[in-house]
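Me: Can you walk me through this one? Helix packing to begin with, please.

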Amino acid sequence: MNRVAETYLIVISLVSFALFGIDKQKAVHHAWRIPESILILSAAAGGGIGALLGMRCFHHKTRKPLFSIGIPVILCLEILVLLKAYHII
């Protein structure tokens, strides 16, 4: 894998993490929320680790099956793709 792809994965993970944190803050303050589709899309776009860490760090969306099951599944698929990209599997 090249540096551009690695940089992309780091940035999208940071963005995903931040989105979960921002959405949690908005939820606490009863403000406009980030749509769940955006949170899932950020994870599916390569930010699975950031989404999972955001869920755990901010205790956000952990009771919703779409997130508590979906995000780990997305992360596992991303790991499989990375392992394949690095010719490990």
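Me: Which way does α1 pass α2, left-handed or right-handed?
Reply: In this predicted model, α1 passes α2 in a right-handed crossing (the near helix is turned clockwise from the far one by less than a right angle; anticlockwise is left-handed). Helices here are DSSP runs of H or I, at least four residues, numbered from the N terminus. Residues count from 1 along each chain, and side-chain values use heavy atoms, without hydrogens or water. Local features need pLDDT of at least 70 and side-chain atom pairs 80 or more, while totals for chains, interfaces and linings use all residues.

Me: At what angle do α1 and α2 pack?
Reply: About 60 degrees, with the axes of α1 and α2 7 Å apart (lines fitted to C-alpha atoms over the stretch in contact, angles from 0 to 180 degrees between N-to-C directions).

Me: What classes of residue are in the contact of α1 with α2?
Reply: There are 16 nonpolar, 8 polar and 2 charged residues in that contact (nonpolar is Ala, Val, Leu, Ile, Met, Phe, Trp, Tyr, Cys and Pro; charged is Asp, Glu, Lys and Arg; the others, Gly among them, are polar).

Me: Now α2 and α4. How do they pack?
Reply: Helix α2 spans residues 36-58 and α4 spans residues 70-85; their angle is about 115 degrees and their axes are 8 Å apart. The two are therefore roughly perpendicular. Here the crossing of α2 past α4 is left-handed.

Me: Which residues of α2 and α4 meet?
Reply: From α2, I40, A43, A44, G46, G47, G48, I49, A51, L52 and M55 take part. From α4, their partners are I71, P72, I74, L75 and E78, where contact means heavy atoms within 4.5 Å. By class, the contact of α2 with α4 has 11 nonpolar, 3 polar and 1 charged residues.

Definitions and conventions: Angles under 35 degrees count as roughly parallel, over 145 as roughly antiparallel, 65 to 115 as roughly perpendicular and the rest as oblique.
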